[in-house]
Every structure is written in C-alpha cells, then in structure tokens.
Amino acid sequence: AAWITRHKPTFLVLSGGDTAMAVLGRLGVERLDVLREVLPGMPLTECQGANGQHYRVVLKAGSHGDERALVTILQHVRHEHSN
C-alpha cells in the first residue's frame, strides 16, 4: 500500500482475496464498481481511495484461472492504458 501511495499507479491487479482486501483496506477503498469481466470471474473495477486517488482494479482469486491468466490480465491492462 505504501508503494501504491508513493507511485500513484492508475491500474492495480490484485491476486488473492485476502491480499485484495488488505491492500484496498489500507488505501481506504470503501466500494468497488464493476465495469466488466476481463476473464471469467475476474472483474475490472473502479474505485477511489481515501486520498481521492482513482484506481482501476482487476481482481483475481488466488486459485482461479489457468497458468496464462495473469499474462492475459496484464495484456488487457496495457491495452486499456494505451487507449
């Protein structure tokens, strides 16, 4: 969370429910708005931290998806960020 606060990324990919809850909690996120699915069961969301910073967050359950899931998510994020 300290790295995120310092570097202010606009996209986050959080893998694992406990990890996602901990990071989002530390950022002061109270609500996620689902935009769409990146992959089945892996939503792209929007939120705002307590400091007013806006984030787009992809959530991935730790055991969900195949061995290429993270690569596919990162490709989607890069494509989304370049548009």
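Which residue takes a positive phi in the hairpin of strand 3 and strand 4? The legends below answer this and describe further views of the predicted model.

**Figure 1. The hairpin of strand 3 and strand 4 in the predicted model.** Five residues lie between the two strands of this hairpin, and glycine 52 takes a positive phi near 90°. Strand 4 comprises residues 54-60 and runs antiparallel to strand 3, to which five bridges join it. Within this pairing, glutamate 46 has arginine 56 of strand 4 as its bridge partner.

**Figure 2. Glutamine 53 and its surroundings.** Glutamine 53 is placed in the loop between strand 3 and strand 4. Its relative accessibility is 17%, so glutamine 53 counts as buried, the cut-off being under 20% relative accessible area. When residues up to four places away in sequence are left out, glutamine 53 touches Lys8, Pro9, Thr10, Cys47 and Gln48.

**Figure 3. The hairpin of strand 2 and strand 3.** Strand 2 spans residues 33-39 and pairs with strand 3 in the antiparallel sense, over five bridges. Two residues separate the strands in this hairpin, where glycine 41 takes a positive phi near 80°. Leucine 39 has methionine 42 of strand 3 as its bridge partner.

**Figure 4. Strand 3 and its cover.** Strand 3 runs over residues 42-48 and is mostly covered, with five of its seven residues buried. Strand 3 is paired with strand 2 in the antiparallel sense, and strand 4 is likewise joined to strand 3 in an antiparallel arrangement. In a regular strand, side chains alternate between the two faces of the sheet.

**Figure 5. Threonine 5 in helix 1.** Helix 1 covers residues 2-7 and contains threonine 5. With a relative accessible area of 38%, threonine 5 is partly exposed, because this class lies between the limits of 20% for buried and 50% for exposed. From C-alpha to C-alpha, threonine 5 and arginine 68 are 28 Å apart in space, and 63 residues separate them in sequence.

Figure 6. Along the principal axes, the C-alpha atoms fill a box of roughly 35 × 30 × 20 Å. Of the 83 residues, 34% count as buried. Among contacts with a separation of 6 or more, 43% come from residues 24 or more positions apart. The accessible surface amounts to about 5400 Å², and carbon and sulfur atoms account for 53% of this area. The protein carries 9 positive and 8 negative charges, whose mean positions are 9 Å apart.

Terms used. Residues numbered from 1 in each chain as written. Predicted model: local features only at pLDDT ≥ 70, side-chain atom pairs only at ≥ 80, totals over all residues. Heavy atoms only, no water. Buried < 20%, exposed > 50% of the residue type's maximum accessible area, 1.4 Å probe, protein only. Contact = heavy atoms within 4.5 Å. Areas by Shrake-Rupley, 256 points an atom, 1.4 Å probe, with all protein chains shown as cover. Lys, Arg positive; Asp, Glu negative; His and termini not counted. Charge placed at Lys NZ, Arg CZ, Asp CG, Glu CD. Helix = DSSP H or I, 4+ residues; strand = E, 2+ residues; numbered from the N terminus. Pairing = 2+ DSSP bridges.
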